[in-house]
Every structure is written in C-alpha cells, then in structure tokens.
Amino acid sequence: MPAPKKTKPAATAEITAADAKTDKPAKPAAKKSTGQAKLEKLGLKSNMDLVLHLPMRYEDETRIVPIAEAGFMTGAPVQVEGVITSCEVQYRPRRQLVATLVDDSGQLVMRFLNFYGSQQKQLAEGKRIRARGEVRHGFFGAEMVHPVYKAVEEGEALPTALTPVYPSGEGLPQAYLRKAIASALSRVDWRDTLPADLREQLGLAPFESSVKLLHNPPPDADENALMERSHPAWTRVKFDELLAQQLSMKRAQQARRSRGAPALPVVGELSAALLQALPFQLTGAQQRVLEEIRADLRASYPMQRLLQGDVGSGKTVVAAMAAAQAIDSGYQAALMAPTEILAEQHFRKIASWLEPLGVRVAWLTGSLKKKEKNEALADIASGYARLIVGTHALIQEGVDFARLGLVIVDEQHRFGVGQRLALRNKGMDAADAAIGEADTATVPHQLMMSATPIPRTLAMTYYADLEVSVIDELPPGRTPIVTRIIDQNRRDEVIARVHAAALEGRQVYWVCPLIEESEVLQLQTATETHDMLAAALPDLRVGLVHGRMKPAEKQVVMDGFSRGEIHVLVATTVIEVGVDVPNASLMVIEHAERFGLSQLHQLRGRVGRGAAASVCLLLYQAPLGPVAKQRLATMRETNDGFEIARRDLEIRGPGEFLGARQSGQAMLRFADLQTDQWLVDAARDAAQRLLQEDLATVEAHLTRWLGGREEFLKA
Ligand code: ADP
Ligand code: MG
C-alpha cells in the first residue's frame, strides 16, 4: 500500500457526508467540540454568523425518480430510492464496493472506488436506501459512482424545501453545518433592522422571510434567480450587507476625525537638507503627492493615506521626505516592509541619505543577534533612533517607541489588516505615555504604499476611509521595457541572449517558476536552474537567492549583485517586491503562465530602472489556457500598472483581486460591485440618512452584520 497522503481522496469527503446523513444518535461530546472548532474556523461563532452563512447552491431532494427513468436524465444529479439486493467487494481491476439497488421500475449499480468497511454494513442486502447522484451507463447497465446516500424507512417523508449546500471547510460535513444553521435559525432575534419606510421606498423584502427562503427555498422557487442571486431575497441580503459596510466606513471616518494625532507641522532643516542631498530632483508627481502628505501631517487628527505609484515610480523617497517632516517636528517615524530583503534595502538607502545629516536610523528584524537587537530596542525606546526601518519585527512585543508620530507601511497589500493595526497601536501606547494622558488616546499618522494599484472606485468602496495619492509619472530617462513571450523550448536562445547582455555589461534576473504546492520543490528548481546556468555560462558569475537562505547569506548575494560583481541573479519570487538594482536590464521569468498579473508586473518592474533599454522575457510552457494567454498578452501589450490592474480586475473579479488578506472581514460576501452598483448607491444614501436621523438603527444593523469585527474596518 502506498504511504498515506496528506490530502484525502475526494471520495472520502463524500462518504463522510453520507455517513453523517444516516440519522445516527447524537455524536459524543468530544466530536461535537471539534465540529464547533471547525465552524469557528469558518468565522461562524454566533447564531447570527450561522444565519448569515448562506448556501452557494441547492440540491433537489424533494422528488424521487423511478430508477428506469433516472437513466434518461443524464448530466443532472437525481434521487432514487430502492432496496439493496446485493453488496460485495470486487477486485476488477481494483478493490471496490459494488451494491445493487432495486425499485419497482428497474435497478442500478452503486459503485465506490474508495470506501470504509462500515459502508458495507450500511449497504447490506435488504436495506432501503435513498441515493443521489448522476446516472451513467456503464458496462453493467445504469450506475451511480459515489452517490450520496442514506438509509430510510419505507414511506419516509421527503424534504419539502430544496436542500442547501453551504460553503464549507475541510472535514466539516454538510449535514453538520445544516444542523447548526437550522438550529441557529430557530434562535436568533429576527427583528428587522431597517425602518419600514426605507424598506418600502426601496421595495425591499423583509429580512426574516428573505433569509429563511435562502436557506430553505420551496421547490417552486425560481432556482435561476436564486443561483444568479437576483432573487428579491438576495437583493435584501445584499442591501443589508452593503449598508453595514457603508455605515461602518462612515463611522470609522468620524471616529478618525475625532481622534487625536500628534500634529507634525515642521518642514524644517532636515527636510531641506535631505532634498539637497538627493542625487536627483523630485518629479512633478512626487512633489504633488508630497504636498498632499505634508498637509495631512500638519493636522491633529491621524492621516490615513494610501500612496499608489507604479513600480519604479519613486515612492521610497516620498516616504523618506514624510519621515523627515515627522523628525523635524520632534517625533519618530517607522517604516515597515514585508520582506527582509526589501526592508534592508530601504534601510541602507534611507540611512545613506539621513545618517550623514546626523539622524540615527535603527534597523530591526527577527534575524538580528541578541546584542544588536537590544541596542536597537534601547535606541527606539529612548527616542535616540528617529527613524526605524524593519520587518514584522517592528510589531512584536518588546518594541516600545518613545514618540512615534508616523507609521509607513510599504507594499501594504502584503500585510494583513491586523498587522497594520498592530503597528498603529504601538504608536498609540507610546503617544499616550508621551503626553501622560490615557483617556485622549492619540494615534500616529499612517502612510501606506502600494505598487499594486487598486482602481479608484474599488478603493473607495472596499477601503474604509482612505485618502489616495497617486504618482502618475515615472522619473525621467527611463525607456519602456520591451516584453516578449517565448516558448520554453527556445531556452537555448534565451541563454545566448543572457550571455550577450552580460558581455555588454548589463545585469540579468532569472526568476524560477513558482511552485505553490511545495517550497522544497521550488528550492530544488532554483538550485538546478542556478547550476544549469552556471554550467552554460562559465565565463559569467551566476548568483542564487531564495527564501530559505539566512538573511546574512541573502545579503551577501544581493550586495554582490548591486555592486555588479554578479552578472546573473537566479531568484525565486523573493525578489518580487521592491528590489532596486538600476543596472539590471534583462529579466527572464520561467513558467510565466503560473504567475498572476500583478506578480508579473512587480517582477518585471525590477528592470527598466536605469537608462539602458530593458527587456523582459516571459518563458511559458505550451499549451496555454485561455486565462494565462490573456494575462501574458496583457503583459506584452502594456507597461502601465494601472491598466494592468484594470484588466486583472476584469479577469478575476473584485473578490479575488483584493484577496481575503486585503480586506479583512470587511470583504463583501454577497453583493457584487459590478452587478449591484445601484444597490451600492442606495446603501450609501441610506447610510447617510440613518447616521443623521436614526442612530439606534445604525447600532442594531452594525451589530447584526459585523458583530465584533468593526475594528478591522478602521485599519
Ligand atoms: P517604487 O515606487 O517602486 O518603490 P523606488 O522608490 O524604489 O520605486 O524608486 C525607483 C528608483 O528610482 C530608485 O532607484 C530611486 O532612487 C529612483 N528615483 C526615485 N525618484 C527619482 C527621481 N525623481 N528622479 C530620478 N530617479 C528617481
Ligand atoms: Mg518600493
């Protein structure tokens, strides 16, 4: 027998579901609590959480089809009922359980390629079984492979509503979810949170009947409208969801405005000196966004601004200028980046600008030696360090800022909402301590940066209360990157090209394929690619950088590449964000078809940073699926990050585009911004009105829809 695999065969899940369907006596308490844990993992804690966990589709178990007719209804699952006349384990060619089910009209075979011993008992001769599945015509007549089944009594009543199928987690059977939800349905407070006049005005159905209908639609319900979510019951639920989102956004905004932040009004000596010291002039766009940020920082309520700018547009220097203002005003600033490579690069660059001007910049990551770490922590706590650059280590326990006035989060989409909150809250404690008042909690200003541009409408709807600044211009002297799509069979030509480029003094990135399933495999591929290239290019220096290397080792390689001593850098996706080596002008990405659009754009953005014309070669393995084809074509057609984001949104839809991390619990589950725009508008207007006229309703509605999760919206 092969070693047990981690992933269960699909069939097991079905059997488990079927298992649970047989109306066994209540499970022992221990079992129940693991079910509870699994519910919680899905975010289903309160009764209302369960009630608002709506089906993704339905199964029609309200009818039984005679076996003789079932065979004609191919393609759709049907339900049959009969008595087992035989059940045996067969070995042809592999071990399987085969049972024959007979009714008045005919017979069919139920076949299980994976099964438990207990199933043989459940399907013993003489048992009456209700089975549901697709009928196929096999060699031995009609058969169902892996039907869902349960034992029934003769004449047992059929359900009168469609059976809901819920989004579920691993090991959480539908039957368990159904039971939990059914019980929650009988226990929640059904009060309608919308005032009657608002409901009437918008023609919305009542909450209770809508939700109950969605869980248990009568057999005559319009199944199409249910599936497409255009049914009036769906409309009501979507409106409620959007209203909750709009309400909490507006409230977060009010809360922020009423909150204190240290005013950072001084654009003084350091700001001027830094500007002087830069080896270039700010672009018009950089100046404009800097002015927007400067104005925010002067206010005594917290800035919450997203700085968007395409890859290479020069966000770092804007961040440094914002930090200079905080320092000029007598406060500290912290800059957090998602990877150690990126954080270290920021640290070096910014320290090289600021330390000559007499500003102590501290460096903090998890990999520091104890002594270095303690030193950094002491400098941060005493206020001697004015700017602190680091990774997640910044939000760990034991990091205490003396006077944190500004928090900057680079590549903010790579952080969870909770992590951004944590950094802000650090500043909150410190600021409190600094002014010695615990009741008037102030929070630091926040600047978030991202090269993954979020289309504006989406940003407004999804991000709670966020100001957006956009750098819409690249620094001068850049030549656009030329992108080519190349079949991987032509790898030799690509290697020749790498060789030629290196001889001209240009540097090359070679990005290894993404292997999501296995980090080990990814590592192996990277090492092999490195060896292959080193052998093929004996006169060049080929370096390797990957995620499993120690930070110090990584740094040695990155330094070598920065200084031009390494010609070709073989890398896993660790170089995806932010790495800046202007002399690199050729980018090769292997198995480009496995990457997402924004990832490809980020990777490509590692070149095209200097004056040399840059080239990006996307190697792919044929055949390409339609989505991959679309993605690669987009990469070839445009270098514009905003255009790429727009197409990405088109290809993937807003939910996937932002991802769960991005939006915390604020993610819309039911409403769709593209098809439900009118509802968004209606919800926005209603939110405005309710906040002015009816705070009790606001409270009730938010409690129902967000429970305790509102904090996330304020991040
Ligand atoms: P990103 O917006 O992707 O974070 P960076 O801040 O890393 O971009 O900047 C990319 C490169 O452009 C860096 O080498 C930076 O020093 C340089 N740069 C930034 N602003 C300017 C400018 N105004 N003129 C010339 N070069 C600039
Ligand atoms: Mg950057």
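Biologist: Which residues lie nearest the centre of the second largest pocket?

Modeller: The model is predicted, with local features needing pLDDT of at least 70 and side-chain atom pairs pLDDT 80 or more, whereas totals for chains, interfaces and linings use all residues. Residues are numbered from 1 along each chain as written, chains are lettered from A and ligands numbered from 1 in written order, and side-chain values use heavy atoms, without hydrogens and water. On a 1 Å grid over the protein atoms alone, a pocket is an open set of points where a 1.4 Å probe fits, with protein on both sides within 12 Å along at least five of seven lines; lining residues have an atom within 4 Å of a point. Here 42 residues line the second largest pocket, and Gln345, Lys349, Asp580, Pro582 and Arg609 lie nearest its centre.

Biologist: Which helix gives the most to this lining?

Modeller: A helix is a DSSP run (H or I, at least four residues), numbered from the N terminus. Helix 14 gives the most, with nine residues. Helix 14 spans 340-354, and helix 13 (315-328) and helix 20 (551-562) also supply at least two residues each.

Biologist: Where does ligand 1 sit?

Modeller: A molecule sits in a pocket if more than half of its atoms lie within 2 Å of the pocket's grid points. Ligand 1 sits in the second largest pocket.

Biologist: Which residues come nearest to ligand 1?

Modeller: A residue is near a molecule if one of its heavy atoms lies within 4 Å. Of the 17 residues around ligand 1, the nearest are Gln281, Gly312, Thr316, Arg478 and Asp580.

Biologist: How many Å separate the side chain of Thr316 from an oxygen atom of ligand 1?

Modeller: A polar contact is a pair of N or O atoms within 3.5 Å. An N or O atom in the Thr316 side chain is 2.6 Å from a ligand 1 oxygen atom. For the Lys349 side chain, the distance to an oxygen atom of ligand 1 is 3.2 Å. Gln286 places a polar side-chain atom 2.9 Å from a nitrogen atom of ligand 1.

Definitions and conventions
Polar contact = N/O pair within 3.5 Å; in protein donor to acceptor, adjacent residues only side chain to side chain.
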